[in-house]
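Hi,

Here is the structure I promised to send over.

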Amino acid sequence: MASPTVAPVRADADRRVCHLDDDLTTASASLVRPVELAGRGHRLLRVHRPVRLGDDDEFDLRFAWLLRESISVGLQVDWVLTGELRWDVGGIRHLPPPRSGRDDWRRAFTFGYCYYRVGPDFVTIRDTRSDNGFGARYLLDDPESVACWPELEGVLHLPEATAAGLRLLELLAAENLALVAGNRATVLPFRMRRWPVPESSV
């Protein structure tokens, strides 16, 4: 069967809502672009079929990417989890949790626990996912890391990664700032595109 070439998203009569009606696959998940949906005025992405995780490395990472990109543009995701969650909830507590499937994820979720911001010659990361009351801040300002950061924002196929990208991925993974599954990887922090109001919320 040929891969889809059009994002499988249906707009609602209410332009703030869009729908994914069919089973989400690796191919179809890669076509959903939260930045574009938010740009068209959508505020809610409703996934009607349960999302099965734990069976396919690439699909799991592409769905994690979808959640991460959605929260970065203020797009809520209404979804249901089935299957096995391969990641510790503490590491993904900053991503939109399922409506049902993991109560612990919903209890742990708070906006802004782990995000990054991009400057002209730097990337800053703030991570407050730990319950110990301490947060961590990271500054990437060496040209090599800044140049290869975009490589890790997508779902990276490790055999195609640059040497610099692999070095940065190793550093991020050691700090639980990247998801790696099989031969795929992506960063965990979401991009803070707009400062929230009130700013004390992050």
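Below is what turned up, starting with the cavity and ending with a helix pair.

This is a predicted model, so local features need pLDDT of at least 70 and side-chain atom pairs count only at pLDDT 80 or more, while totals for chains, interfaces and linings use all residues. Numbering runs from 1 along each chain as its sequence is written, and side-chain values use heavy atoms, with hydrogens and water left out.

(A cavity is a set of points on a 1 Å grid over the protein atoms alone where a 1.4 Å probe fits but cannot get out; lining residues have an atom within 4 Å of a point.) Its lining is L53, F63, A64, L67, W79, W87, I92, L95 and W105, which split into 9 nonpolar, no polar and no charged. Helix α3 (residues 57–72) gives the most, with 3 residues. Helices are DSSP runs (H or I, at least four residues), and strands are runs of E, at least two.

The whole structure has 6 aromatic pairs (ring centres within 6.5 Å). F63 and W79 have ring centres 4.7 Å apart and planes at 65°, so they are edge-to-face (over 60 degrees). F63 sits in helix α3 and W79 in the loop between β5 (76–78) and β6 (81–83), 16 residues apart.

Lastly, the axes of α6 (residues 143–153) and α7 (residues 163–174) come within 9 Å and cross at roughly 85°, so the two are roughly perpendicular (65 to 115 degrees). Axes here are lines fitted to C-alpha atoms over the stretch in contact (heavy atoms within 4.5 Å), with angles from 0 to 180 degrees between N-to-C directions.

Conventions: On a 1 Å grid over the protein atoms alone, a cavity is a set of points where a 1.4 Å probe fits but cannot get out, and a pocket is an open set with protein on both sides within 12 Å along at least five of seven lines; lining residues have an atom within 4 Å of a point. Ala, Val, Leu, Ile, Met, Phe, Trp, Tyr, Cys and Pro count as nonpolar, Asp, Glu, Lys and Arg as charged, and the others, Gly among them, as polar. Angles under 35 degrees count as roughly parallel, over 145 as roughly antiparallel, 65 to 115 as roughly perpendicular and the rest as oblique. Rings of Phe, Tyr and Trp (its six-membered ring) pair if their centres lie within 6.5 Å; planes under 30 degrees apart count as stacked, over 60 as edge-to-face and the rest as tilted.
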